[in-house]
Amino acid sequence: VEKRLSRSIQSVQTIRFNPFKGTGSGGNQSFATALIDEKGDGAVLSTIYTREHSSIFAKPLKKHASEYELTKEEKEAIASAKKSIRHE
């Protein structure tokens, strides 16, 4: 049971942001969400929202890192998820 639990999602953290800050468009409708197990494996999902279009991205994580370039907001969501995991 302990082995299975360590591989399950232990933390989900979401960061909302406005990628167009200062342009007068948007709002905090875009987000990055990290879903990780206690080893830091999982995924980070992010969206960029505009009134005309929405883009969705999914990047796999291994030990809190990805082979794909991470945005500042994705890194922040991963760091927040990492901090919230309790090691007892």
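Trainee: How many bridges join strand 2 to strand 3?

Mentor: In general, strands of a sheet pair through backbone hydrogen bonds, either parallel or antiparallel. Here, strand 2 (residues 30-36) and strand 3 (residues 42-49) run antiparallel and are joined by six bridges. Two strands count as paired if DSSP finds at least two bridges between them. Within this pairing, Ala32 stands opposite Ser46 in strand 3. This is a predicted model, in which local features need pLDDT of at least 70, side-chain atom pairs count only at pLDDT 80 or more, and totals for chains, interfaces and linings use all residues. Residues are numbered from 1 along each chain as its sequence is written, and side-chain values use heavy atoms, with hydrogens and water left out.

Trainee: What is the order of the strands in the open sheet?

Mentor: The four strands follow the order 1-2-3-4, with antiparallel pairing. Strand 1 (11-17) and strand 4 stand at the edges with a single partner strand each, so one side of each has no neighbour in the sheet. From one strand to the next, the twist averages 10°. Strands (E, at least two residues) and helices (H or I, at least four) are DSSP runs, numbered from the N terminus.

Trainee: Is Lys63 buried or exposed?

Mentor: Lys63 counts as exposed because its relative accessibility is 65%. Exposed means over 50% relative accessible area, buried under 20%, and partly exposed in between (1.4 Å probe, protein chains only).

Technical notes. Axes are lines fitted to C-alpha atoms, for helices over the stretch in contact, and angles run from 0 to 180 degrees between N-to-C directions.
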